[in-house]
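Welcome! Let us walk through this structure together, one part at a time.

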Amino acid sequence: MHGWIGRCLRVNLTKNDFKLEEIPQELMDKFLGGRGLGVKILYDEIDPTVNPLSPDNKLIFVSGPLVGTGAVTGASCNVVTKSALSGTIACAKLRGHFGAELKYSGLDMIIVEGKAEFPVIISIMDDKIVIKPALEYWGRTTSETENMFKSSLSDKWAARDTYLLSIGPAGEKLVPLANIINDGFLSVGGAGIGAVMGSKNLKAIAVKGNHSVTVADGNRFVQVVTTLINKLNSAPLISQSMSSWGSAFLVGLCNQKGILPFKNFQSSSFEESKHIGTEALSSAFVLRSRGCFACPIACIKKVDVDNRFYKGKGMAPTYMAIGALGLNCGITDLTNIGIANMICGEMGLDPIAAGGTIATAMELEEKGLLTKDSLKLDFRFGNGEDLIQALTLMATKKGYARRIGQGAKALAEEYGHPELFMGVKSIPLAPFDPRSLQGMGLHFVTSNYGPHHLYAYTFIDEVLSVHEKLDPWTTEGKPEFVKRLQDITAVVDSLGLCNWSLMGLKFNNFIPMINSCLGTSYKAEDLLQTGERIWNLERQFNMRAGFNRSHDILPERFYNEPIEDGPAKGQISRADEMLNDYYKLRGWDEEGRPGNELSESL
Amino acid sequence: MARIKIDHNKCTGCRHCEIACSFNHVAGVANPRRARIRVFREGATYFPTIAGPFVDAACTSKNDLIIGDQTYDMCLICRASCPEKPFFIEAETDFPLKCDFCGIPPSPSCVRWCNSGALELVED
Ligand code: SF4
Ligand code: SF4
Ligand code: SF4
């Protein structure tokens with residue numbers, strides 16, 4: 001067995017017990033690993049209608065087979081569960097070094113069941129598995145948790161090789177917007193997962209090990225990886241943009257195309273982009289590049305901050321943070337956006353879900369639908385202090401912030417204006433306006449994980465033209481394109497690679513790396529078929545959880561209110577028109593149900 | 001003579017060098033604990049450290065290392081495969097690991113996979 005370890009740890013927190021299990025070869029062949037395997041296990045083992053915060057929900061941490069092998073960007077560990085925010089299936093992507101260390105501890109996967117009586121940490125150190133009481137960690141931020149755990153180890157050298165994932169106060173308090181943090185990195189798409197971990201009284205997982213990961217054809221693999229590193233290096237989008245600025249370099253570009261949302265998607269252009277572009281970023285912060293395990297791109301930028309709101313190290317704002325926590329809340333001050341992003345990391349909040357909620361509150365207030373009395377907090381578009389204060393309170397469920405912590409949708413409904421919630425399936429939209437990016441709009445409505453761009457990054461072709469040049473405004477060919485990219489992403493996630501690598505490499509470029517690693521002879525089509533299988537299984541889970549065609553829709557604003565000004569003036573979303581074609585391509589019926597044949601082939 | 005120049009300001013902490021080294025010494029096996037180069041984090045800085053021989057004398061003159069306003073423990077960046085620090089002792093075999101300056105030409109494995117430029121092959 002190559003790439004794979006073939007072992008899984010099953011922890012039952014109710015019984016305070018665990019056991020090691022073999023993972024059947026058949027499952028690995030059919031679902032690859034990572035996201036695919038996690039989805040399969042969740043589908044088989046839980047009732048999709050279960051309350052996400054009940055002990056019957058399960059949390060699955062699973063690294064892909066390419067993680068830890070040195071495959072380029074092979075760092076990702078997925079967390080699969082039923083989301084506390086949306087009620088759909090959820091799959092976060094953890095970056096950094098946790099996923100690789102999980103493999104070196106001799107495991108591909110950890111399945112967590114039940115609920116501990118009191119807060120615990122699962123510690124897997126050199127094959128010694130312990131469920132440790134963690135009362136003193138409860139209430140701590142994520143970086144405090146990491147430091148406390150490492151300094152509690154008697155061997156200071158071992159502490160340096162230990163990697164942790166944890167939840168912050170937000171997850172403990174079961175705030176549905178809570179996320180999981182590892183190695184100081186915010187996970188991607190983690191909204192609704194932190195609270196599930198909190199509901200199990202699981203504060204953190206620590207891993208360290210001495211196991212090896214083997215690859216099938218060592219010489220060939222080393223050759224292929226070397227080629228891919230050079231290829232990435234010669235792709236200007238990677239070497240000149242991502243490596244220097246991280247995804248923040250997209251801000252200027254998106255602004256020029258009228259894609260960046262402003263003030264809860266009320267407009268999509270913002271005149272002074274120089275305040276938020278890369279130059280502004282480098283004058284606001286001293287950036288240090290950080291790479292996830294085995295990543296030649298190193299898009300993560302770390303910074304130090306020391307001011308009256310915040311002191312410490314954190315991640316520099318990414319495109320997502322600048323869009324979701326900044327511009328969509330009308331805020332253009334990068335320092336405030338950066339601090340808000342770091343608070344999300346420390347408190348364990350998801351920036352898209354939290355930012356979307358605050359943007360909704362701000363629009364409610366702007367329209368006079370929210371008086372200061374009702375929430376006892378100010379929500380003024382453009383006011384960074386309001387944002388920072390709301391985030392901190394929301395994570396700790398203090399006072400009135402308890403109510404905004406329930407999320408954008410609940411808030412908009414509570415004040416009688418559900419139409420002001422800018423999201424799909426209870427999850428706020430990632431900061432891309434679906435009116436000026438038709439493919440992204442279709443992906444947002446059909447995504448099994450809610451409207452998150454990193455489950456099909458249509459942007460790379462609709463704007464950056466990396467693999468093919470597509471017109472962002474046309475719907476022509478988009479259903480095929482979106483389906484293909486969704487399937488590709490399912491494969492990339494399942495193998496444990498980073499989505500950003502697709503900005504410099506074509507899907508076909510990965511095939512020799514995959515085959516020489518796993519000892520397989522996959523062709524691109526075989527893998528795409530697996531991607532489709534995973535996508536259908538996720539859809540099936542959501543259908544059984546009560547979702548159907550009526551949930552595959554964007555807020556009315558995007559269908560009815562054309563973009564008012566800027567480069568994409570006059571555009572509306574036509575995601576609804578593409579839906580039938582998309583269903584047909586997937587082989588689903590008009591209600592969006594995968595047919596019996598498809599279900600059986602799962 | 002060729003040698004490897006390390007610039008810790010450029011290091012991103014990706015640890016690709018560790019895996020490259022591991023593959024070079026045991027075909028098909030990725031395991032950072034078998035690598036003869038390890039990357040240690042201290043505060044905000046990463047220190048790629050290449051394993052060298054252990055001589056008792058090295059420890060008798062141990063000093064603190066001060067870079068900027070940070071003080072570092074000499075042991076951390078010391079390259080000796082010494083018994084006090086388990087990093088350059090292979091876990092399974094207790095074998096002391098030492099860089100054998102592999103792979104020239106064209107260049108050592110760790111340098112080849114280091115994309116940030118933190119490791120560089122230079123001629124003296
Ligand atoms: S591209 Fe960025 S997020 Fe992806 S693996 Fe590399 S450093 Fe991590
Ligand atoms: S030169 Fe070769 S042996 Fe020495 S650290 Fe680099 S890869 Fe390892
Ligand atoms: S490969 Fe280079 S950048 Fe990455 S950890 Fe090693 S020395 Fe640092």
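Two strands are said to pair if DSSP finds at least two bridges between them. Helices (H or I, at least four residues) and strands (E, at least two) are DSSP runs, numbered from the N terminus. This is a predicted model, in which local features need pLDDT of at least 70 and side-chain atom pairs count only at pLDDT 80 or more, while totals for chains, interfaces and linings use all residues. Residues are numbered from 1 along each chain as its sequence is written, chains are lettered from A and ligands numbered from 1 in the order in which they are written, and side-chain values use heavy atoms, with hydrogens and water left out.

## Strands and sheets

With pairing defined, look at chain B. Strand β5 (residues 64-67) and strand β6 (residues 70-73) of chain B pair in the antiparallel sense over four bridges. The hairpin of β5(B) and β6(B) has two residues between the strands, and G68(B) takes a positive phi near 60 degrees there.

In chain A, six strands form an open sheet with mixed pairing, in the order β8-β7-β12-β9-β10-β11. Its edge strands, each pairing on one side only, are β8 (128-133) and β11 (185-186) of chain A. Strand β7 (residues 120-125) of chain A pairs with β8(A) in the antiparallel sense over six bridges.

Strands also link the two chains: β13(A) and strand β2 (residues 29-30) of chain B run antiparallel and are joined by two bridges.

| Residue | Bridge partner | Strand of the partner |
|---|---|---|
| D64(B) | D73(B) | β6(B) |
| I124(A) | I129(A) | β8(A) |
| V213(A) | A30(B) | β2(B) |

## Where the chains meet

How many residues does each chain bring to the contact? Chain A gives 38 residues and chain B gives 33 residues, where contact means heavy atoms within 4.5 Å. The size of an interface is often given as the accessible area lost when the parts come together. Here the area buried between chain A and chain B is about 2,900 Å², with carbon and sulfur atoms giving 52% of it. Buried area is the accessible area (1.4 Å probe) that two parts lose on being put together, summed over both.

The rule finds four salt bridges across the interface of chain A and chain B; a salt bridge is a side-chain nitrogen of Lys or Arg within 4 Å of a carboxyl oxygen of Asp or Glu. R38(B) forms a salt bridge with D161(A), and the closest N and O atoms are 2.8 Å apart. On the side of chain A that touches chain B, α8(A) gives the most, with seven residues. By class, that side of chain A has 16 nonpolar, 14 polar and eight charged residues. Ala, Val, Leu, Ile, Met, Phe, Trp, Tyr, Cys and Pro count as nonpolar, Asp, Glu, Lys and Arg as charged, and the others, Gly among them, as polar.

Over all chains, the count comes to 36 salt bridges. One joins the side chains of K150(A) and E146(A) (3.3 Å, N to O). K150(A) and E146(A) both lie in helix α4 (residues 142-152) of chain A, four residues apart, about one turn of the helix.

## Around the ligands

A residue is near a molecule if one of its heavy atoms lies within 4 Å of it. Ligand 3 is surrounded by 13 residues, and the closest are C11(B), C14(B), R15(B), C17(B) and C114(B). The shell around ligand 3 has eight nonpolar, four polar and one charged residues.

The residues surrounding ligand 2 include C21(B), H25(B), C99(B), C102(B) and C110(B). α1 (16-25) and α4 (109-113) of chain B each supply at least two residues of the shell around ligand 2.
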